[in-house]
Every structure is written in C-alpha cells, then in structure tokens.
Amino acid sequence: MNIKHFQDTDTLYIEFRQGDIVEMRDLDENTLIDLDSEGNICAITIEHASERTGIPSFSYEQIPA
C-alpha cells in the first residue's frame, strides 16, 4: 500500500495494489476509485483531502489473526 498527499492540490492518493487500471469510477464529485480488469479496487483518489479526511494525522495498525 502506498499513500501520497499532494499539498499543492490537496489530493490524497491511496494505492492498495499496483496493476493496470481499466476503469475509473466517480463515487462523488471529489472521490474516484481505480479498478483493474477483475473489478478489484487498486486506488482511491480524494480531492480536498484536508477538509474531508484526517490529514495530516495518520495511523496504521496491522491486527494479528
């Protein structure tokens, strides 16, 4: 997983997996999802991220099975 915040455009890009993107879907006017040929979500793009998310605070935790 790769997460990038572009401060100049206030865009948050969350990449879950690398792959060939075959479709981009609008979830709303400021959120896009990128899908591969099997319909798996590869990435999410969020515009106006500082207003819509908890940027710059970020936490990641992996919970053992």
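**A colleague's note on this predicted model**

1. Let's start with A43: setting aside residues up to four places away in sequence, A43 touches Y13, I14, E15, F16, L32, I33 and D34, where contact means heavy atoms within 4.5 Å. A43 lies in strand β5; strands here are DSSP runs of E with at least two residues, helices are runs of H or I with at least four, and both are numbered from the N terminus. With 1% relative accessibility, A43 counts as buried, a label for residues under 20% relative accessible area, with exposed meaning over 50% and partly exposed in between (1.4 Å probe, protein chains only).

2. A word on how to read the values. This is a predicted model, so local features need pLDDT of at least 70 and side-chain atom pairs count only at pLDDT 80 or more, while totals for chains, interfaces and linings use all residues. Residues are numbered from 1 along each chain as its sequence is written, and side-chain values use heavy atoms, leaving out hydrogens and water.

3. Now the overall layout. Along the principal axes, its C-alpha atoms fill a box of roughly 35 × 30 × 20 Å. Of the 65 residues, 25% are buried. Among contacts with a separation of 6 or more, 37% join residues 24 or more positions apart.

4. I41 also belongs to strand β5 (residues 41-47), and with 38% relative accessibility it counts as partly exposed. Together with M1, I3, F16, F58 and Y60, I41 makes a nonpolar surface patch of about 660 Å². Patches are built from residues with over 30% relative accessible area and no salt bridge, joining like charges within 9 Å and nonpolar side chains (Val, Leu, Ile, Met, Phe, Trp, Tyr) within 5 Å. Areas come from the Shrake-Rupley method with a 1.4 Å probe, and for residues only the protein chains shown count as cover.

5. D10 deserves a look. It sits in the loop between β1 (2-6) and β2 (11-15). D10 is buried yet has no salt bridge, and R52, the nearest side chain of opposite charge, is 9.1 Å away. For charges, Lys and Arg count as positive and Asp and Glu as negative, with His and the chain ends not counted. Beyond its neighbours within four places in sequence, D10 is in contact with H5, I46, E47, H48, A49, S50 and E51.

6. One of those contacts, S50, is found in helix α1 (residues 49-52). At 41% relative accessibility, S50 counts as partly exposed. From S50 to H5 the C-alpha distance is 9.4 Å, and the two are 45 residues apart in sequence.

7. How many salt bridges does a search of the whole structure find? It finds two, each being a side-chain nitrogen of Lys or Arg within 4 Å of a carboxyl oxygen of Asp or Glu. E23 pairs with R25, their closest N and O atoms being 3.0 Å apart. D28 pairs with R52, with 3.1 Å between the closest N and O atoms. Since D28 lies in strand β3 (residues 23-28) and R52 in helix α1, this pair ties together parts that are 24 residues apart in sequence. D28 is partly exposed at 34% relative accessibility, and R52 is partly exposed at 37%.
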